[in-house]
Amino acid sequence: MFDRVEIKIKAGDGGKGAVSFRREMYVPFGGPDGGDGGKGGDVIIKADKSTDSLRAYPHKTLYRAENGYNGAGKKKYGKDGKDLILAVPAGTMVIANEEEGNEIMLADLDNVGEEILIAAGGKGGWGNVHFKSSINQTPRLAQRGEKGEEKTLRLEMRLIADVGIIGYPNTGKSTLLAAASAAKPKVASYPFTTLEPVLGVVTIGMESLILAEIPGLIEGAHLGKGLGHDFLRHAMRTKILIHMISGTSDTPTEDLIKVNNELAMFDAALAQKPQIVALNKIDLPEVQEKLEIIKSELSAAVIKAHYISASTGKGVSELMSATLEVLKTKADAEKRPEQPGKVFRPQPKEARLKVSREGDTWVIRAPGLDRLIAGSGVTTNELRWQLNRQLEKHGVNSILEKAGVKAGDKVRCGELIWEWDKPGRSVNKIGIFGGTFDPVHLGHLMIAEEAKTSLELNEVLLVPAGQPMSRSNENVTPAKHRLAMLQLAAEGSQYLKVSTAEIERRGPSYTADTIAAIRKKSGRDELYFILGWDRLAQLPDWHEPSKIINLCTLVAVPRPGYAKPSLKALEGVLPGISQKVIFLDKPRVDISATEIRELAAKGESIDHLVPEAVAQYIKKHKLYTTSGG
Ligand code: ATP
C-alpha cells in the first residue's frame, strides 16, 4: 500500500551581478562596485513528522524555490533566494526520471529528519567588481546567475508496518490480518518484493496501526531460500511483532521457542523486537479441550499470551488494543529529540570548457563565462575587448584557435555573439594620438600611457598637426618646434613614436586623411584613435567623420571641465559611432596647452606641466613669450 505522485521541481536561479561604478565627488565614474547576485534557493525534500501522506503534492505540480536577488551598486550583494523545503512522511522514496527514461533512486527517506538536497539553486552572478584588473579599470561585464536545477521526480511513500505477524505456517497469520483489518479493506500488495508481505490498516477507536503479515521469514529460512532485500527491510522496520502459535500444535510453547531461535539466527535485531504472543484457533473443540494445559505450560515458560480465534474474531480486538498499547509505550520510550538526519547531496557538476560548432557559429561552453552579460552603455568594441580578456584568462582563445577559428567567424558564449577578430601574433595594435601639441604636456603623456596599458597597444603614434583646424594658423607655433618638443617628450620611451605624417602633408590636417594613410601602411594592424571627451563631442563636425570611425576604434579619455559625450546623441548624427568607442575612465588631468602658453607668456613656471626637456626647450627658444617663437 503506498502513495505515489509525480512532481516537478525547480531550484531558484541565481541573481544577476550588477554593473555599476562608484560615484565620486569630482569624478563621474569611479571604480567598479557592482555587487554579486544572490544564490537561488535549493529544493530540499525532508522526512517530517508533520505529515503522513503525499496528499499535499498534487500530481504534476511544479514547485519552485525562490530566485536569488540581483546584486546592486556599492558592492551590495543580492539576497539569496529562500530554500523550498518539501515535507514528506518518513518512508518516502525519491526517484528521478532521467531524460533517457532511466529511473534513479535518489533517496530513501526512512527516518524523520532525513533530507535530500534535490535541486541546487544557481550560483549568483558576479558583479563587475570581479572583472576589474590592472588594465581594465572599467569592466562593463557582469554575470547572469546560474540556472537553478530542474527535475521531474516521483515520490513514493511506502507504508511501514508498525506490527509484523510472525509464526509457523498455518498458525493463522493471514486470517488474523484479515480479521483485524476487515473493517478497512485497504489490503494491497507490497510492490517491491517477490515474497510479498501483506499490509492492513487496523483501526482501534480513533487510532490506527499498520499490520503486516511476514510469511516468508520463517518459511524462507526453512527452505534455505534468500529473502528479498526489500522484504527483509520491511520486516526490520516493524516496531513490534505478534507471534502467532496454533492451539492445534502438540507443542505450542516449543514452536514459539523454535521460531524465536530461528529468528535470532536469521537476524538478532529482529529477534529483539518486543513480541506479543497470540495463541490462535481457540474456537476449535480440540483446542478448547487442552486450553488449560496450554495456558499453564505457557505461564510456566513465563509467556503471557492472548487467546484468540482469528476466524471467529474472538479476542482479536483485545489483542489489537493491547498491541496498540505496547506500540505507544515503545514510542514514548523512544521519543528522542529529533536527530539531524542524513543529508544526501548530489555530486558537484564537472566544470568543463567546450567549444563546438553550430552551423556557422562557434559556441563556447565555459562554466561562468557563458553567463556573462554586458552592462548598459558597453560598445561592441569594448565588449569584445573586455570579453577577450576573460576568454584569454580561461584559455578559451587558444582552444578556439586550435579548433581553427578564422577572422570573421561568428562566436557565441551564452547570449553574447561577436565576430572573431582576435589579432594573431603578427597583428599590432597601434594608438594614434593627434593634436596640435603646442606644446606637448604631461596630460598628453599620461593619456598615451593609459591607453597603451589599458588596450595593450604596441605603440602610440604622436601626430602633430601641420595646419590645425582648431586654431587659426598665425597663432600656432611653427611645426618644427612642436615636433622637436614631441621628440624630446618621446625620447627614451619604448612605445611613443612621433609621426610627421601631418606636418609633411600639404593642405589642412584632416584626421581622416592621416588615419587613412596609416591604415594603408599598417595592413591588418588594429588602429585606435585616442582623443579627449572635448574632441569626441566635436567629432561629427570634423572632416569625413564616418570615414574615421570606419578605419579605427576611438578611445575616449575623460577631460576635466568637459562632460562625457552621450553616445546616444552622437549616434543620432553619426550612425555607427556607438559601436566604435571605448571609454577609458583614467587619467583625469586638468592640464591644457592653452593654460601653459598663458602661464609662459606671464613668465610663470610651467615646469610642473611639461616634461623637463620640454620646459628647457621652451625657455631656450623663448616660446610663448611675446618676443619669442
Ligand atoms: P589647446 O589647449 O591648445 O586646445 P590641448 O591641451 O587640448 O590644446 P591638443 O594638442 O590640442 O591639446 O590635444 C590633443 C588631444 O589631447 C585632444 O584629443 C585633446 O582632447 C586631448 N587632451 C589634451 N589635454 C587633455 C587633458 N588634460 N585631458 C584629456 N584630454 C586631453
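**Ground rules.** I number residues from 1 along each chain as its sequence is written, and I leave hydrogens and water out of side-chain values, which use heavy atoms. Because the model is predicted, I take local features only at pLDDT of at least 70 and side-chain atom pairs only at pLDDT 80 or more, while totals for chains, interfaces and linings use all residues.

**Whole chain.** I looked up the elements and found 18 helices and 27 strands; helices (H or I, at least four residues) and strands (E, at least two) are DSSP runs, numbered from the N terminus. Of the 629 residues, 49% count as buried. Buried means under 20% relative accessible area, exposed over 50%, and partly exposed in between (1.4 Å probe, protein chains only). Contact means heavy atoms within 4.5 Å; among contacts between residues at least 6 apart in sequence, 75% join residues at least 24 apart.

**Ligand.** I counted 21 residues around the ligand, the closest being Asp-534, Arg-535, Arg-559, Ile-591 and Thr-594. A ligand nitrogen lies 2.8 Å from a backbone N or O atom of Val-589. The protein covers 94% of the 590 Å² of accessible area that the ligand has on its own (Shrake-Rupley method, 1.4 Å probe; for residues, only the protein chains shown count as cover). Elements giving two or more residues to the shell include strand S22 (429–435), helix H10 (442–455) and helix H14 (533–538).

**Loop between S22 and H10.** I found Phe-437 and Pro-439 here. The Asp-438 to Pro-439 peptide bond is cis, with omega near 0°. Phe-437 has a positive phi of about 50° although it is not a glycine, and at 2% relative accessibility it counts as buried. I note that most residues other than glycine have a negative phi, and most peptide bonds are trans.

Pro-587 sits in the loop between strand S27 (581–583) and H17.

**Cores.** A nonpolar core is a set of buried Ala, Val, Leu, Ile, Met, Phe, Trp, Tyr and Cys residues joined through side-chain atoms within 4.5 Å. The largest has 39 residues, and Val-460 and Phe-433 are among those with the most contacts inside it. Leaving aside neighbours within four places in sequence, I find Val-460 in contact with residues including Phe-433, Leu-496 and Ile-530. Another core lies apart, with 25 residues, among them Ile-518 and Cys-552.

**Thr-248.** This residue is in the loop between strand S13 (240–246) and helix H4 (252–266), and it is partly exposed at 30% relative accessible area. Its side chain makes a polar contact with that of Ser-246 at 2.5 Å. Val-287 is 39 residues away along the chain, yet the two C-alpha atoms are separated by 6.0 Å.

Notes. Near = heavy atom within 4 Å. Polar contact = N/O pair within 3.5 Å; in protein donor to acceptor, adjacent residues only side chain to side chain.
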